[in-house]
Amino acid sequence: MPQKYYVVWVGRQSGIFTDWPSAQRSVDGFAGARYKSFPTRDEAEQAYREGKQSAAYPRRAPAKPTGVKDESRTDAAVTTESPFDVRIFCDGACEPNPGNAGSGIVVYRSGTLADLWYGLFNSEGTNNSAELSALLNGLHMAQTEIDDGRSVELLSDSQYSLNCIRTWAAGWEKKGWKRKEEGDIKNLEIVQAAYAAYKEIEDEVQLTHVAGHAGIEGNELADRMAMLAVQSRQTELRRYDGDMNVDFLLKMRSG
């Protein structure tokens with residue numbers, strides 16, 4: 001992946017950083033933090049010298065700040081602006097639960113809404129299985145973006161799904177895909193597939209937990225796509241080809 005340089009004008013520590021986790025530690029949870037990524041060191045140094053704070057991205061404090069990439073990071077103020085080239089929001093819905101389940105995925109490129117996806121309908125699903133299915137397919141999309149040299153953030157409001165692949169799966173795998181306690185691992189096939197996909201890109205993708213139904217545009221749109229999957233009973237993951245106006249989309253049925 002191409003080297004990026006992160007300029008922090010306002011944060012715990014200002015300066016130029018050569019990796020996102022270091023820059024993230026400086027800005028996460030810091031009120032009024034301002035920063036931006038640049039493709040070359042020369043551009044970063046020039047921007048830092050000139051103090052172009054107007055071009056930076058303002059962020060508010062996340063609900064659970066952390067500077068460690070592989071830990072869950074909740075940011076109730078997530079916007080479409082980001083130092084990542086691509087942001088992929090994943091969500092699942094089920095009505096009733098268990099019952100008719102579907103998944104939705106929303107892709108932003110350079111802060112602009114690019115693609116909406118819906119499908120993976122399962123008449124005998126659960127909310128958790130739908131969330132995991134969305135995350136699994138989001139990981140496959142992230143792999144493609146990373147292979148093309150773009151940085152990716154993958155966002156989900158399902159702490160369960162994120163914990164499955166990032167916290168619990170490694171231990172389950174070592175035990176022959178068995179839980180420490182009695183009982184089978186739920187949604188095992190999806191968990192195994194998602195964990196395998198995650199391991200391929202875990203050093204190159206940022207996983208972020210976002211609050212559900214908190215007005216975060218990408219999460220809200222993913223929710224609408226998941227409900228569209230339930231309503232349409234669309235079994236394949238399909239690109240949405242309707243009106244892409246955000247106000248129109250947000251008026252669609254929510255889960």
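The expected span of a helix is taken here as 1.5 Å times one less than its number of residues, with helices (H or I, at least four residues) and strands (E, at least two) being DSSP runs numbered from the N terminus. The model is a predicted one, in which local features need pLDDT of at least 70 and side-chain atom pairs count only at pLDDT 80 or more, while totals for chains, interfaces and linings use all residues. Residues are numbered from 1 along each chain as its sequence is written, and side-chain values use heavy atoms, with hydrogens and water left out.

As for the overall make-up, the protein has 7 helices and 10 strands. Of its 255 residues, 49% count as buried; buried means under 20% relative accessible area, exposed over 50% and partly exposed in between (1.4 Å probe, protein chains only). Taking contact to mean heavy atoms within 4.5 Å, residues 24 or more positions apart account for 67% of the contacts with a separation of 6 or more.

Back to helix 5, where V191, A194, Y195, A197, Y198 and I201 are buried. These residues cover an arc of only 165 degrees around the axis, so they sit on the same side of helix 5; the arc is that of the directions from the helix axis to the C-beta atoms. E189 and E200, on the other side of helix 5, are exposed. Among the elements covering the buried residues are helix 3 (127–147), helix 4 and strand 9 (205–209).

In strand 8 (residues 152–156) sits S156, which is buried at a relative accessible area of 1%. Leaving aside residues up to four places away in sequence, S156 touches C90, E131, L162, T208, H209 and V210.

Then there are the aromatic rings. A search of the whole structure finds 7 aromatic pairs, where rings of Phe, Tyr and Trp (its six-membered ring) pair if their centres lie within 6.5 Å, and planes under 30 degrees apart count as stacked, over 60 as edge-to-face and the rest as tilted. Y6 and W20 have ring centres 5.6 Å apart and planes at 50 degrees, so this pair is tilted. Y6 belongs to strand 1 (residues 5–10) and W20 to helix 1 (residues 20–27), so the pair ties together parts 14 residues apart in sequence. Both Y6 and W20 are buried. Another tilted pair is W168 and W172, at 5.8 Å centre to centre and 45 degrees between the planes. W168 and W172 both lie in helix 4 (residues 159–174), 4 residues apart, about one turn of the helix. W168 is partly exposed at 33% relative accessible area, whereas W172, at 13%, counts as buried.
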